[in-house]
Amino acid sequence: MPKTYNIAVLKGDGIGPEITEATIKVLQAVQEKADFKLNLQYGEAGLYCIEKYGTNLPDQTIQLLKQTDACLKGPMTTPEEAGAPVSVAVKIRKLFNLYANVRPCKTLPGVESLKPNLDFVVVRENTEGLYAGAEFAVAPGVGIAYRIITTEASTRVSEFAFKLAQTRKKHVTYVHKGNILRITDGIFKDAVKAVAKNYPDIEVDDLHVDAATMQLIKKPEVFDVIVTTNLFGDILSDEAAQVTGGLGLAAGANIGDKYGMFEPVHGSAPKYSGQNRVNPIAIIMAAALMLRNLGEEAAAARVEKAVIAVLSEGKIRTADLGGNATTMEMAEAIVQKIRS
Ligand code: NAD
């Protein structure tokens, strides 16, 4: 009997369904040569659920997630009115304690990037900071958002970043705004420094977040692993995605001790919804991260190799890459490379 993994698939909304369906074709192809099976179980979540269930993450979907080994998640629109449900991604990260948001940033062949041969990872604390959702109107025109930073969460994500750096170029840059946020980023900085003592072979440096945004443009090649708090990581990883090739290619993993959720870095891009024209590579690469996290390294590498082969040839390119191929044509080209 081949090993079977139960995978929750949340297609999401906007461009989510079309790019997720494209990814499922890739996952089907990669199983043909593998000695494992993926039991894909579909769950409802996203904007359309609010009218149907009064929430964007219904209980039955939470139960489904609890019964699976990992989640592949399409992007979802988050309404911005006060009082609207918080983002599904943020809810799942908190519910399953997915404390490390890992966003590999690597130049790919045939894709325009700011500089050649970039290869670094942004590790973002994923459970607290300004995403704690503790925001209040205290008087008309006066609002307060709590930025919650704890030693526990900062230590946990730092441990993750240092362990990751050990498998890479052995360099960690921690990013903060300790000159202004002396208490909260003081806690974060102290936690990183305490963890660093256990990793004497890792080179450590730090940057203020404003300087880090500049350095990502000026000298992105100096980075290996960047570790930072939630909002800074969100902003830096979108910037890093653009520096290395664009949002259409950037994948993210949300990792906890017992569960993982894998998604593209980009959002639901509603203006392109249903047009079969966006790039599915970001979520396909997220699926590869999922396979790797499940321990299926060979299958993960096969997907990544197929993506690289299609990009190197440059014949099939979606609009963001300067071409006119459709979402499905890109997925089919990747499937063909996996089968060849
Ligand atoms: P977005 O990432 O959806 O889109 C920004 C732009 O990036 C698009 O207009 C498009 O030009 C480009 N883009 C994004 N994905 C692409 C792809 N696959 N191929 C080619 N180009 C692509 O960001 P936004 O407009 O700020 O957000 C739209 C909605 O998505 C919001 O409701 C936001 O809350 C939500 N969002 C969800 C997630 C998530 O589900 N994890 C993440 C980010 C944003």
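Predicted model: local features only at pLDDT ≥ 70, side-chain atom pairs only at ≥ 80, totals over all residues.
**Notebook: pockets and ligand**

I began with the largest pocket, which is lined by 49 residues, with Met76, Thr78, Glu80, Ser87 and Tyr131 nearest its centre. Here a pocket is an open set of points, on a 1 Å grid over the protein atoms alone, where a 1.4 Å probe fits, with protein on both sides within 12 Å along at least five of seven lines; lining residues have an atom within 4 Å of a point. Residues are numbered from 1 along each chain as its sequence is written, and side-chain values use heavy atoms, without hydrogens and water.

Next I looked up the volume of the largest pocket, about 1,400 Å³ (the space filled by probe spheres set on the points, which are joined across faces, edges and corners). Helix H4 (88-95), strand E6 (135-139), helix H8 (230-244) and strand E12 (260-264) each give two or more residues to its lining, and H4 gives the most, with 5. Helices (H or I, at least four residues) and strands (E, at least two) are DSSP runs, numbered from the N terminus.

I then checked the classes: 25 nonpolar, 11 polar and 13 charged residues line the largest pocket. Ala, Val, Leu, Ile, Met, Phe, Trp, Tyr, Cys and Pro count as nonpolar, Asp, Glu, Lys and Arg as charged, and the others, Gly among them, as polar.

On to the second largest pocket, with a volume of about 750 Å³. I found 28 lining residues, of which Pro104, Val121, Leu289, Arg292 and Glu304 lie nearest the centre. The second largest pocket lies between domain 1 (1-108 + 245-340) and domain 2 (129-243), because both give residues to its lining; the bounds come from an automatic or database domain assignment.

Last, the ligand: 21 residues are around it, and Lys73, Thr78, Gly267, Ala269 and Asn279 come nearest (a heavy atom within 4 Å counts as near). I noted an oxygen atom of the ligand 2.6 Å from a polar backbone atom of Gly267. A nitrogen atom of the ligand is 2.9 Å from a polar backbone atom of Asn279.

Notes:
Polar contact = N/O pair within 3.5 Å; in protein donor to acceptor, adjacent residues only side chain to side chain.
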